[in-house]
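Colleague: Hi, I'm new to this one. Could you walk me through it?
Modeller: Happy to, let's look at it together.

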Amino acid sequence: MDSIETSWLLLIGGVALMALEIVAPGVYLLWFGLAALLAGAVDAAFGLGWQASLAAFCLFSIVTVIGGRWLTRTAFDRNDARPVVLNRRASALIGRIAPLHEAIVSGRGTVRIDDTIWRVQGPDAPAGAMVRLVAVEGVGFVVEPAEK
């Protein structure tokens, strides 16, 4: 196989891999397709043999997959100070201040937040007292009296 055939094979293969990424998204085919395009371009420019073209494809694959992973990291991966609370409604409410729905007696009571009544644990307090949600425990919260 001569250099021109190898270049075309890599270029066509790169476009095919990128097209497959559209049909069956999995993110990685995009980076391998880009690596094939880069290797095909280098082969076309410098007339490499098939062995050097394969080595270039492998090298570009490693670089593009690692680079792609770096580009597509989530906010959580970037050590964002805010924890991810999607689908964890109770965790999203930590720090909120709300009035007690039912008094806390013997360490247990309830608080109403929006349309939901939550169980709470904390120091005894009368109904209507303002409390701060400080932690999630089981299906309820640990509360403390809120400063006024």
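**Hairpins, barrel and helices**

Modeller: Let's start with a turn: the hairpin of β4 and β5 has 2 residues between the strands, and G138 takes a positive phi near 65 degrees there. Please keep in mind that this is a predicted model.

Colleague: Okay! How many bridges join β4 to β5, and which way do they run?
Modeller: There are 6 bridges between β4 and strand β5, which covers residues 140-145, and the two run antiparallel. As an example, L133 stands opposite V143 in β5.

Colleague: What does the hairpin of β2 and β3 look like?
Modeller: It has 2 residues between the strands, and D114 in the turn has a positive phi of about 55 degrees. R112 has I117 in β3 as its bridge partner.

Colleague: And which residue takes a positive phi in the hairpin of β1 and β2?
Modeller: That's S106, with a phi near 55 degrees, and this hairpin has 2 residues between the strands. Strand β1 (residues 97-105) and strand β2 (residues 108-113) run antiparallel, joined by 3 bridges. In β2, T110 is the bridge partner of E102.

Colleague: What else does β1 pair with?
Modeller: β1 also pairs with strand β4, residues 130-137, in the antiparallel sense over 3 bridges. There, P99 stands opposite M130 in β4.

Colleague: So what do the strands build, and in what order do they run?
Modeller: A closed barrel of 5 strands, in the order β1-β2-β3-β5-β4, with mixed pairing. On average, neighbouring strands of this sheet are turned by 50 degrees against each other, direction ignored.

Colleague: What holds strands together in a sheet, in general?
Modeller: Strands pair through backbone hydrogen bonds, either parallel or antiparallel.

Colleague: Switching topic: where does UniProt place the "transmembrane region" feature?
Modeller: The UniProt record, an unreviewed entry, puts it at residues 6-23 and 54-72.

Colleague: How much helix is there in each of those spans?
Modeller: Residues 6-23 are 100% helix and 0% strand, with the end C-alpha atoms 25 Å apart. Residues 54-72 are 95% helix and 0% strand, and their end C-alpha atoms lie 26 Å apart.

Colleague: How do α2 and α3 pack?
Modeller: Helix α2 (residues 28-46) and helix α3 (residues 50-71) pack at an angle of about 140 degrees, with their axes 8 Å apart.

Colleague: Why is α2 called oblique to α3?
Modeller: Angles over 145 degrees count as roughly antiparallel, and the angle here is about 140 degrees, so α2 is oblique to α3.

Colleague: Is their crossing left-handed or right-handed?
Modeller: The crossing of α2 and α3 is right-handed.

Colleague: Which residues meet there?
Modeller: On the α2 side they include W31, F32, L38 and D43, and those in α3 include F57, F60, T64 and G68. The residues of this contact divide into 13 nonpolar, 4 polar and 1 charged.

Terms used: Residues numbered from 1 in each chain as written. Predicted model: local features only at pLDDT ≥ 70, side-chain atom pairs only at ≥ 80, totals over all residues. Heavy atoms only, no water. Pairing = 2+ DSSP bridges. Helix = DSSP H or I, 4+ residues; strand = E, 2+ residues; numbered from the N terminus. Axes fitted to C-alpha atoms, helices over the stretch in contact; angles between N-to-C directions. UniProt positions renumbered as here; feature names shortened; annotations may be inferred. Parallel < 35°, antiparallel > 145°, perpendicular 65-115°, else oblique. Left-handed = near helix turned anticlockwise from the far one by under 90°. Contact = heavy atoms within 4.5 Å. Nonpolar A, V, L, I, M, F, W, Y, C, P; charged D, E, K, R; others polar.
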